[in-house]
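Subject: Structure handover

Hello,

Here is the structure I promised to pass on. My notes follow below it.

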Amino acid sequence: MTYRRKRELSINPLHKVKFRKTKVSGEIDRRSVVNPQQARELLTAVTYVGRSRGPMLAAMFACMYFGGLRPAEAAGLRRKDCHFPAKGWGLLTLEKTRPQSNKRFTDSGQAHDERGLKHRT
C-alpha cells in the first residue's frame, strides 16, 4: 500500500529534528519589565474597562504586579485572603488557584476550576 491510501509514514520524521537548548542567563532585561510609574498608569487605564469589571481587573493586575502573583492565583484570591493594615504593605494568603480554560476541558463544567497552588508552599 502506498502512503496516499493509508496515510502512514514509513519512518518517524521527528528523529531527524535536532533540538537545541536555549541559553538562559537568568538576568532580566529591564527594557521588557514595566516600571512602577508605568504600572500605576496601566492600572489607572484598566479601570476604564467598565463600572464593575474595571476595578476588579485593576485589583487583579495590582496583585500580579506588586505581589508577584500568577494570573490563576490572582483569580483565586478572595477578600478574606487579603490583610491590609492601616499603614504600609499588606499580606495576601494564597490558598488556591483558578486557572481559566474552556468549559469542555474542566472537571466542574465552569470556565475556572479550583486547583492547588503550583510549586508554592
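How far is the sulfur of Cys63 from the closest cysteine sulfur, and in which residue does that sulfur sit? The distance is 5.8 Å, and the partner is Cys82. That is too far for a bond. A disulfide would need the two sulfur atoms within 2.5 Å. The search of the whole structure accordingly returns 0 disulfides.

Please keep in mind that this is a predicted model. The distances and areas here are computed from it.

**Confidence and layout**

The protein chain has an average pLDDT of 81. A score of at least 70 is reached by 79% of the residues. Helix H2 (residues 36–46) has the highest mean among the elements, at 93. Helix H1 (residues 3–6) has the lowest, at 59. Where pLDDT is low, the coordinates should not be read in detail.

The chain has 4 helices and 2 strands. Along the sequence the pattern is α-α-α-α-β-β. Of its 121 residues, 15% count as buried. Among contacts with a separation of 6 or more, 20% are between residues 24 or more positions apart.

**The cysteines and the core**

Cys63 has a relative accessibility of 18%, and Cys82 has 16%. The cut-off for buried is under 20%, so both values fall within it.

The largest nonpolar core has 5 residues: Cys63, Leu69, Ala74, Leu77 and Cys82. In soluble globular proteins, nonpolar side chains tend to be buried together.

What does Cys82 touch, leaving aside residues up to four places away in sequence? The list is Leu77, Leu91 and Leu92. Leu77 is a member of the core as well.

**The aromatic cluster**

The search of the whole structure gives 2 aromatic pairs. One of them joins Tyr65 and Phe66, with ring centres 4.8 Å apart. Their planes stand at 85 degrees, and the pair is edge-to-face. Phe66 also pairs with Trp89, at 6.4 Å between centres. Here the planes are at 55 degrees, so the pair is tilted.

Which parts of the chain does the pair of Phe66 and Trp89 tie together? Phe66 lies in helix H3 (residues 53–67). Trp89 lies in the loop between strand S1 (82–83) and strand S2 (91–92). The pair therefore links parts that are 23 residues apart in sequence.

Tyr65, Phe66 and Trp89 form one aromatic cluster. Tyr65 is partly exposed at 31%, and Phe66 is partly exposed at 34%. Trp89 counts as exposed, with 68% relative accessibility.

**The salt bridges**

How many salt bridges are there? The count is 3. Side chains of opposite charge can pair when their charged atoms come close.

Glu73 and Arg70 meet in one of them, at 3.4 Å from N to O. Glu73 is buried, with 1% relative accessibility. Arg70 is partly exposed, at 32%.

Lys80 takes part in a network of salt bridges with Asp81 and Glu95. Its bridge to Asp81 has the closest N and O atoms 3.5 Å apart. Lys80 is exposed, at 60%, whereas Asp81 is buried, at 4%. The side chains of Lys80 and Glu95 meet at 3.6 Å, N to O. Lys80 sits in the loop between helix H4 (71–76) and S1, and Glu95 in the segment after S2, so this pair ties together parts that are 15 residues apart in sequence.

**In short**

There are 0 disulfides. Cys63 and Cys82 belong to the largest nonpolar core. Tyr65, Phe66 and Trp89 form the aromatic cluster. Lys80, Asp81 and Glu95 form the salt-bridge network. The pLDDT average is 81, and helix H1 has the lowest mean among the elements.

Best regards

Technical notes: Residues are numbered from 1 along each chain as its sequence is written. This is a predicted model: local features need pLDDT of at least 70, side-chain atom pairs count only at pLDDT 80 or more; totals for chains, interfaces and linings use all residues. Side-chain values use heavy atoms; hydrogens and water are left out. Buried means under 20% relative accessible area, exposed over 50%, partly exposed in between (1.4 Å probe, protein chains only). Rings of Phe, Tyr and Trp (its six-membered ring) pair if their centres lie within 6.5 Å; planes under 30 degrees apart count as stacked, over 60 as edge-to-face and the rest as tilted. pLDDT is the predictor's confidence in each residue, from 0 to 100. A nonpolar core is a set of buried Ala, Val, Leu, Ile, Met, Phe, Trp, Tyr and Cys residues joined through side-chain atoms within 4.5 Å. Contact means heavy atoms within 4.5 Å. A salt bridge is a side-chain nitrogen of Lys or Arg within 4 Å of a carboxyl oxygen of Asp or Glu.
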